[in-house]
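Subject: Structure handover

Hello,

Here is the structure I said I would pass on. My notes follow it, for reading alongside the sequence and the 3D view.

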Amino acid sequence: MNATHLAAYTTSTGEAFQFWVLGTIAVIGALCTVFMKKAVHSALCLAGTMIVLAIFYLANGAYFLGIVQVVVYTGAIMMLFLFVVMLVGVTAADSLKETIKGQRWLALLCGVGFGVLLFAGIGNASLKEFNGTGQANANGNVEGLASLIFTKYVFAFEITGALLITAAVGAMVLTHRERTERAKTQRELSEQRVREGKHLPPLPAPGVYARHNAVDIAGLLPDGTPSELTVNKTLRERGQIRDVSTEALNDLRALEQRAEERLERTAIQPETFKRPEEASK
Amino acid sequence: MNPVNYLYLAALLFTIGATGVLIRRNAIVLFMCVELMLNACNLAFVTFSRMHGNLDGQIIAFFTMVVAAAEVVVGLAIIVSLFRTRHSASVDDASLMKL
Amino acid sequence: MENLIAPLIAAPLLGAAVLLVGGRRLDRVGHWIGTLLSTASFVFGLILFADLLGKGAEHRTLTQHLWTWIPVGGFQADVTFRLDQLSMTFVLLITGVGSLIHLYSVGYMEHDERRRRFFGYLNLFLAAMLLLVLADNYLLLYVGWEGVGLASYLLIGFWQHKPSAATAAKKAFLVNRVGDMGLSIAIMLMFTTFGSFAFGPVLSHTGDASEGKLTAIGLMLLLAACGKSAQVPLQSWLGDAMEGPTPVSALIHAATMVTAGVYLIVRSGAVFNAAPDAQLAVTVVGAVTLLFGAIVGCAKDDIKKALAGSTMSQIGYMVLAAGLGPIGYVFAIMHLVTHGFFKAGLFLGAGSVMHGMNDEVDMRRYGGLRKYMPVTFITFGLGYLAIIGFPGLSGFFSKDKIIEAAFAKGGTEGWILGGAALLGAAITAFYMTRVMLMTFFGEERWRNQPTRSPGAPSAEPAAETHGEHAEPHPHESPKVMTIPMIVLAVGSVFGGAFFSIGDRFLHWLEPVTGHSEGDSPLSAAAVTGATMVCLVIGVAIAWAQYGRKPVPAVAPRGSLLTRAARRDLLQDDFNHVVLVRGGEHLTRSLVYVDHTLVDGVVNGTAAGFGGLSGRLRRLQNGFARSYAVSMFGGAALLVAATLLMRAV
């Protein structure tokens, strides 16, 4: 796309088409970012929106920014988000149910009001001027940006450099925990457990009878009920425990049925043999 | 198509992001919404840059990205340390500053 | 020779320091150290006096600059002494009478175990008083002024175990403070008016200042003088100050300190000369006080308080004379000096009587003492003759001149002032004759009567040697006490004649104070004659009442005036009702206003804000998202406002 040849107030049809299609995707992505229940999904939707925006930057002649948007934002920053999502995990508290009285209505009111006002403002603004970036990008977009950054904006550039370093140091300070006391030895830990009188042996392992040793399946107690203790805490908090307590019974029933078929005897009315987790899907 | 549409899109994305900040409790999602708002602003800057025919808008957008990166680094560090102390990423749990 | 001025002050100051810091080791010799240093100061004074006499009248001013005290920009206070004829007169009076009284105190305070401290205070007083009269600027004078106030406080309350003495000391201190305030304001006014408070610049530039300012300065100086010299309306402390030991009453509250006010007025003569209104105020204060003191003196049965009233009255004469301007300055000082002699002598005589009478002060329990204490009787009698103005004695010359000067003021004022002075002379003759008759003549009322100790416990240590109810055994005082009395009596007899014959004192002091003869409507002889008539009338009435008739041992009820005079003409009641009660009412109403109005406004505002913030704080629910909503809403409002402004 060469902006120099475009009409003063309009863009090409191709760009218009691109705008309407990708714009819709961007808005949907943004809405999904807000309304998706799980943080991972929100992050992915946001990444999609950002890629769309990158394309828009390219369409607007900001080639450097378009690439940076993909590499830095979508690539680096969103990865950082995903890392943190993995670190923090998803807690049960993360539901969309509102807890502060009137917050949702106020938020929607403010949002709609603000949006309407912005639209009114843009509509009222006298945006007659439309030059396109052809002239500015004549020597190449990156060169143009570079000459501006290192001349007119050199101080701002240096200061943002300092800001980045400060931020890096700050992040380290915030997340680094100085150990203020000696780490407890295993002996002390075991003594402490004895003193508190709980879980003297190691926590029970997940899985039942070596058939299901996946980490997300709770081990069964002798009476057949699953014990949540056997499953990793993070999985527990995310509600990702698979219940296999009825599986053995179902397997037994299936065995009986096959035996009946083989022996050609009518048996008790067979039930559905769906696995519980399949049924829930 | 009038390029002003880009501005409308930016306004819409900004408003969606802002509303998201207000209604989501998960600090990480909240942060994503902030990023969305920043991106909407960037889009507006880039569009202005195109309208005025100079690169200053792009420079500002570039700086916004840098600042956003710094902000994300610090913000996520705060979220991590918050999660460590409260075992929760909900911003409502950090509501001790009240009477 | 001027280098001798500093040692003059330093000697008693050294004595005070040594005696007060030295501790009990000096108990045996302390009083002699004090007397020696006081006498040394007197000797320095004599040497300087001889030096001054050797010079011409115009060169009789010595100054000694010691160091610059406070140099701050345009404000410069120096420690500089100025010795001229006026200061010299005071120096000789202070050190001379002071030394005699030191000597007297050696005997009088013999049984007091805190005698060393007493002499320390006396020396401190001498140093402060000398500083007062030798200072070359008003600020340094103020230091001495406060110093004598302090010494006076310490000495009035010397027997501080007596509640009455402690209260009297406090009273004197507080009343003096009112006067001191006047002096400090006067000094500030001088500084703003003349840019200096040294005598030279102030007194030689009075022509440059407006009369209003000079009047203000003069009135403030008068207030100061009223406080220090016990003039109406700040007179109430002097009667109570008699709670102090008698030598103190003689030195401080008769001869020297109370005359500091007169010194101040005469020294500031240039200011008063240029401010006739202030001068008039001075004469009025003097005339009122001379009658006031005389009336009070008539009614008191306490010998010291009768003498205190007399002191007040005599200082009233001096203030009156000082208020007359150049006509009277010299005579004010002359009367001051002669009064210093005879009043000190009278007080010492009273002390001697008390010494022999178990510290009894009620004259109704004296009587017929002339046989038992002849020296006291003779010296007291000479002092008596001097004060009433018996021809040929000191008081005759000095008081007569003041009465003449009062008439010479001219006009109606002159007649009124002169009349008041004449009336005062008559009353003086009356009350002094009364004191004389009740003390030394008549029947011996002290026989067969227990002392009144239980009611008013006498705390003078001498009382301890006798029984509380023992009948007194009047006896003559030791030589160490009678010698000062004799010396003072000699001064009282010949002082006036020595000063007046050939106008010696006038010529001596004239270069400093200036002098002018007023034009009197009466001739000098007529005034003298009138004074003599008044004197005879006063003595005759007193004789009729106290000489012919026996004196009742218990005071009769007396007329309304008598009863009022016994209560110091209701001065304390007046102070109590007007100042104390008034002050209480004022503060109470101010407290009320403060509690209701001021606190009401403050508390109401606070309560209002408290209630408001109690409601506002509900917005502070701690949820960051709620705050974010407010922020976002605010941003929306800003956008709306921007659009609105654009639309408009």
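A salt bridge here is a side-chain nitrogen of Lys or Arg within 4 Å of a carboxyl oxygen of Asp or Glu. By that rule, the count between chain B and chain C is one salt bridge. Please keep in mind throughout that this is a predicted model.

Chain B and chain C

The salt bridge is formed by Arg625(C) and Asp92(B), whose closest N and O atoms are 2.7 Å apart. Helix α1 (residues 4–23) of chain B gives four residues to the side of chain B that touches chain C, the most of any contributor. That side of chain B consists of nine nonpolar residues, one polar residue and four charged residues. The rule for polar contacts finds three residue pairs across this interface, both residues of each pair being at pLDDT 80 or more.

In terms of contacts, 14 residues of chain B meet 10 residues of chain C. The two chains bury about 1000 Å² between them, and 66% of it is on carbon and sulfur atoms.

Chain A and chain B

Here 91 residues of chain A are in contact with 69 residues of chain B. The buried area comes to about 7300 Å², with carbon and sulfur atoms giving 74% of it. Asn60(A), Tyr73(A) and Phe81(A) together supply 9% of the area that chain A buries against chain B, more than any other three residues.

Two salt bridges are found across this interface. One of them joins Asp56(B) to Lys152(A), with 3.2 Å between the closest N and O atoms. There are also 13 residue pairs in polar contact, counted where both residues are at pLDDT 80 or more.

Which elements of chain A give two or more residues to the side that touches chain B? They are α1 (13–35), α2 (39–59), α3 (63–88), α4 (103–124), α5 (141–149) and α6 (154–175). The residues on that side of chain A divide into 57 nonpolar, 24 polar and 10 charged.

Annotated segments of chain A

An unreviewed UniProt entry carries the annotation "transmembrane region" for residues 17–36, 43–65, 71–93, 105–123 and 153–174 of chain A. For residues 43–65 of chain A the figures are 87% helix and 0% strand, with 21 Å between the end C-alpha atoms.

Chain B on its own

The secondary structure of chain B amounts to three helices and zero strands, in the order α-α-α from the N terminus. Chain B has 99 residues, of which 74% count as buried. Taking contacts within chain B between residues at least 6 apart in sequence, 57% join residues at least 24 apart.

One residue in chain C

Is Ser310(C) buried or exposed? Ser310(C) counts as buried because its relative accessible area is 0%, and the cut-off for buried is under 20%. Ser310(C) sits in helix α14 (residues 303–323) of chain C. Leaving aside residues up to four places away in sequence, Ser310(C) touches Gly293(C), Lys343(C), Ile387(C), Tyr431(C) and Met432(C). With Tyr431(C) there is also a polar contact between the two side chains, at 3.3 Å.

Regards

Definitions and conventions
Residues numbered from 1 in each chain as written. Chains lettered and ligands numbered in written order. Predicted model: local features only at pLDDT ≥ 70, side-chain atom pairs only at ≥ 80, totals over all residues. Heavy atoms only, no water. Contact = heavy atoms within 4.5 Å. Buried area = accessible area lost by both parts, 1.4 Å probe. Polar contact = N/O pair within 3.5 Å; in protein donor to acceptor, adjacent residues only side chain to side chain. Nonpolar A, V, L, I, M, F, W, Y, C, P; charged D, E, K, R; others polar. Buried < 20%, exposed > 50% of the residue type's maximum accessible area, 1.4 Å probe, protein only. UniProt positions renumbered as here; feature names shortened; annotations may be inferred.
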